[in-house]
Amino acid sequence: MVWSPGAASSMVDIAMDVVEDLPVVLTALAEGRIDLGKVREITRATLGLSPGDRQALVERAIACRQHPHPRPGTVVVDPAGRPDRC
């Protein structure tokens with residue numbers, strides 16, 4: 001894998017953010033409950049929020065990721081088959 005200096009710097013920033021401020025994200029990643037793409041989404045989407053707000057959103061994002069998503073068309077074919085959205 002080859003990263004540009006900018007991409008490498010971004011990954012270091014994400015890693016530092018996760019290790020220092022979002023250990024629950026690191027745990028979820030290590031356990032395979034979320035992937036690197038989700039880690040990026042979570043860190044970028046919550047950057048700049050207060051620590052309490054950020055933690056609450058992070059926990060919700062991880063919990064939502066654990067629920068299976070219905071296949072496209074499920075809502076049309078079987079509305080009851082659609083689980084509640086997070």
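What pattern does the chain follow, read along the sequence?

1. Overall fold. The pattern is α-α-α-α-α. The secondary structure comes to five helices and zero strands. The model is a predicted one, and the points below should be read with that in mind.

2. Burial and surface. The chain has 86 residues, of which 22% count as buried.

3. Contacts along the sequence. Taking contacts between residues at least 6 apart in sequence, 48% join residues at least 24 apart.

4. The nonpolar core. Twelve residues make up the largest nonpolar core: Met11, Ile14, Val18, Leu22, Val25, Ala28, Ile34, Val39, Ile42, Val58, Ala61 and Ile62. The elements that contribute two or more residues to this core are α1 (5-21), α2 (23-30), α3 (36-46) and α4 (51-66).

5. Val25. This residue is a member of the core. Leaving aside residues up to four places away in sequence, Val25 touches Val18, Ile34, Val39, Ile42, Val58 and Ile62.

6. Neighbours of Leu22. With residues up to four places away in sequence not counted, Leu22 touches Asp17, Thr43, Thr46, Arg54, Gln55 and Val58. For Val58, the separation from Leu22 is 36 residues in sequence, and the C-alpha to C-alpha distance is 8.1 Å.

7. Packing of α1 and α3. How do these two helices cross? Their axes come within 10 Å, at a crossing angle of roughly 75 degrees. α1 is therefore roughly perpendicular to α3, as angles of 65 to 115 degrees are classed that way.

8. Residues in that contact. On the α1 side are Ser10, Met11, Ile14, Asp17 and Val18, and these meet Leu36, Val39, Arg40, Thr43 and Arg44 of α3. By type, the residues of this contact divide into five nonpolar, two polar and three charged.

Note on methods. Residues are numbered from 1 along each chain as its sequence is written. This is a predicted model: local features need pLDDT of at least 70, side-chain atom pairs count only at pLDDT 80 or more; totals for chains, interfaces and linings use all residues. Side-chain values use heavy atoms; hydrogens and water are left out. A nonpolar core is a set of buried Ala, Val, Leu, Ile, Met, Phe, Trp, Tyr and Cys residues joined through side-chain atoms within 4.5 Å. Buried means under 20% relative accessible area, exposed over 50%, partly exposed in between (1.4 Å probe, protein chains only). Helices (H or I, at least four residues) and strands (E, at least two) are DSSP runs, numbered from the N terminus. Contact means heavy atoms within 4.5 Å. Axes are lines fitted to C-alpha atoms, for helices over the stretch in contact, and angles run from 0 to 180 degrees between N-to-C directions. Angles under 35 degrees count as roughly parallel, over 145 as roughly antiparallel, 65 to 115 as roughly perpendicular and the rest as oblique. Ala, Val, Leu, Ile, Met, Phe, Trp, Tyr, Cys and Pro count as nonpolar, Asp, Glu, Lys and Arg as charged, and the others, Gly among them, as polar.
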